[in-house]
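Subject: Structure handover

Hello,

Here is the structure I promised to pass on. Please open it alongside my notes below.

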Amino acid sequence: MAASTLTREGCPELLELLEHLGTAGSDTIKSLIGRELEATPAETVQTQCNDLLETLNGKYVAARGELDKDYAGRALTVLIKTPDAIALSGLLMMTPDDVIQQRRSEGALEEEDAEAFGEVANVLFSGLSGELRERVTNIDLRLGAHGAVDAEDSDGLLPSDSIVAFGFDLQIDEFPMTRAYIVTDVATAERWNGKPLTAETGGGGDNAGDNSGKPDEELFDGIPAAPIQGVLAAFISRPEVYRTLRQSCRRVGLELQRHGKNEIPNPAAHRDQIVLLDIPAGEDKRFDWCKRIKDFAETTKVVLLLHHPSRSRVTQAFLAKADAIAGLPCQEAQLSAKLNALLNAEPSAVPDDGGDGDEDSGQD
């Protein structure tokens, strides 16, 4: 079968879960290696295992996780490029960066690296298991096996037939960005989605930043990079918000620092920066975070992204002293304009109420 793109409209529950798994995995490994690591959602497709293998560009390493309890006998596999597996193994062993670069260029996962990668994978699946247990009833996950994968999956690390592959762009510290995948079988994916999968050939997913249908990296590379004027610290829970934010920061000239979804901002650490908080339903404590930041230093600017904008939530944002307010979904051009206004605002500037016409669109 030809690969078909899964969209948020057709598979909302599944894509939300997969994006949360991507974030949980990146946060877990980032804590393990003590270096920057980002996993940015890309395209999610339904396809055949052999078709996916044929599209892989270069050598990959696969870590197969065995699902348990109600999902016993099924699996979830993480695919990353071999140079990234080498980098993660080296960073775990505190290998000097120049040695890691040399091993990456050689492209072979030696025995020592393979053993270290097994430790990385074990910690990774522990983090993924915790996220799954939080969001799926009666489920567990543990590392089963890991090994090399190229045009063939000789060790059976991937599901054998129809699969769902969640693609994400993996950025490990200063190393080149690559494409990685979380893969499971269609039956498991449909169960997580709560209904049969709805796919579109040639369709694009929910990209909160741009609806042009272009790949994320093409959109990003097409934005002129402005000179850096400051730092934006992002405390976000929705991965697609990060895509939009990444583009906006490039356009207006901000160094983007992404923080884990469970991190609480330390006001002293962000003095004179811009802090962006998204506020999902039921997370009203984030309004308190905003007020605490502003009370500590008025020179720190705070942007609030409201998941369910309403008059009462906009009022809460004003009372929390937010410098700018927007509702989701938020387009890249809209967010860029707000960030640019903050960079050029006078100290006594009045907070921006969002101006999106969404204030009366819903109730808490």
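Arg258 sits in strand β10 (helices, H or I with at least four residues, and strands, E with at least two, are DSSP runs numbered from the N terminus). Arg258 counts as buried because its relative accessibility is 7% (buried is under 20% relative accessible area, exposed over 50%, partly exposed in between, with a 1.4 Å probe and protein chains only). Its side chain makes a polar contact with the side chain of Glu38, at 3.4 Å (a pair of N or O atoms within 3.5 Å, one able to donate a hydrogen and the other to accept it; residues adjacent in sequence count only if both atoms are side-chain atoms).

This is a predicted model: local features need pLDDT of at least 70, side-chain atom pairs count only at pLDDT 80 or more, and totals for chains, interfaces and linings use all residues. Residues are numbered from 1 along each chain as its sequence is written, and side-chain values use heavy atoms, without hydrogens and water.

Now the sheet. Five strands form an open sheet with parallel pairing, in the order β10-β9-β11-β12-β13 (two strands pair if DSSP finds at least two bridges between them). β10 (254-259) and β13 (324-327) are at the edges with a single partner strand each, so one side of each has no neighbour in the sheet. β12 (residues 301-306) pairs with β13 in the parallel sense over four bridges. Leu304 has Ile325 in β13 as its bridge partner.

Last, helix α6 (residues 186-193). Its buried residues are Val186, Thr188, Ala189, Trp192 and Asn193. Asp185 caps the N-terminal end: a side-chain oxygen lies 3.2 Å from the backbone nitrogen of Ala187. Just after α6, Gly194 has a positive phi of about 80°.

Best wishes
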